[in-house]
Amino acid sequence: KATLPSFLKAHKLKLTGTDVPMPLASWEELETRFKVGSWLFKNLQKWGWEEPTAIQRGAMSVMLENRDLLAGAPTGSGKTLAFLLPLIHHLKNPAKDGFRAVIVSPTRELAQQIYEQLRRLSEGRRFRICVLTKATESTLKQDPALRKKYDILITTPLRLVHAIEQEELELDNVRHLVLDEADRLLEQGFLEQTDAILAACSHPELRKALFSATLPAGVEEMAKTFMVDECRVIVGTKDG
Ligand code: ADP
Ligand code: MG
C-alpha cells in the first residue's frame, strides 16, 4: 500500500492546515467513509469516470467533513464536481427552508454550466435551483413566498449584491458558500463585494469553500477575510 507522502506526490497534491482530512483513495470511499447516499453515488457513476481527479480527492474529503476549504487546481481539473457532490450530500433532500447553498461564479455562462452539472448530479431529487438573472431576480422580487421554495442559488457576484441590496433574497439560512473561479472573481473587484455577501449569509454555521485556478496574493487575502481554520488543497502543475 502506498504511503501518504507518495500518494500525495503521485497526485501532485499539497495539503496544509490542521487535521486536514485524508484525500479520497477511490470513489468507493464516498460511500464507505462518508456515507454518501447510494442514489448520489449512482448519479456520479453515470458519468463513467473511473477515478476522481486530484482536486476531487483532496477537496471532497475536506468539504464532506464540513471544513472550510481553499482549493487551487488548474483549469479543466474537475473543480465543479469537487464542490457540487459534497454540497448535495450536505443538503440531503429538498427542503422548503429557503436557500441553503450559494455558489458564486464569475460569469453567467459558467453559472449555467454549474447548473447543468448540478441537475445531472442531483437527478431523482427535486432540489430547487435558481440561477440568478435579471428575470429570476424580478420573479423573486414579485413573489417573496417563492424564496422559501428554493434550495440552491447560483449567481454572479454583481447580480447577487444587487439582489441583496434590493432585499430580494433571504440568505440567513445559507450553510454553504462556494466561490468558484476566485481569481476571476477578484479581477471583477470581488473583494469589495465580500462584506455585503458575508453580512447577508449570517448563519453562524456557514461553511465556505473557495476554488481557484491560480492563487495570486489577492485570492489569499480574500481567503483570510472569509475562512476559519481552513484546509488548503493545492494541486501543483508539472513544474511544482
Ligand atoms: P475546472 O472547473 O477545474 O476548470 P471542470 O469542473 O469544468 O474543471 O471540469 C472539466 C472537465 O472534466 C469537464 O468536462 C468535466 O465533466 C470533466 N470531469 C470532471 N471530473 C472528472 C473525472 N473524475 N474524470 C474525468 N473527467 C472529469
Ligand atoms: Mg471551474
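For the burial entries I needed a cut-off first: buried means under 20% relative accessible area. I also noted that this is a predicted model.

**Entry: Phe 99 and Tyr 150.** With that cut-off in hand, I checked these two, and both Phe 99 and Tyr 150 came out buried.

**Entry: helix 4.** I looked at residues 54-64 next, and 11 of the 11 residues in helix 4 are buried. The list includes Gln 56 and Arg 57 as well as Ile 55 and Leu 64.

**Entry: ring pairs.** How many aromatic pairs are there? I got three aromatic pairs. One of them is Trp 47 with Trp 49, a stacked pair with 5.1 Å centre to centre and 10° between the planes. Is Trp 47 buried or exposed? Trp 47 has a relative accessible area of 14%, so it falls under the 20% cut-off and counts as buried. Trp 49 is partly exposed, because its relative accessible area is 39%, between the 20% and 50% limits.

I then wrote down Phe 99 and Tyr 150, also stacked, at 5.5 Å centre to centre and 10° between the planes. This pair links distant parts of the chain, 51 residues apart. Phe 99 is in the loop between helix 5 and strand 3, while Tyr 150 is in the loop between helix 8 and strand 5.

**Entry: arginines over rings.** Tyr 150 turned up again here: Arg 128 lies over its face, at 5.3 Å from the ring centre. I also saw Arg 125 over the face of Trp 39, at 4.3 Å from the ring centre.

Terms used: Residues numbered from 1 in each chain as written. Chains lettered and ligands numbered in written order. Predicted model: local features only at pLDDT ≥ 70, side-chain atom pairs only at ≥ 80, totals over all residues. Heavy atoms only, no water. Buried < 20%, exposed > 50% of the residue type's maximum accessible area, 1.4 Å probe, protein only. Helix = DSSP H or I, 4+ residues; strand = E, 2+ residues; numbered from the N terminus. Phe/Tyr/Trp six-rings, centres within 6.5 Å; stacked < 30°, edge-to-face > 60°. Lys NZ or Arg CZ within 6 Å of the ring centre and 35° of its normal.
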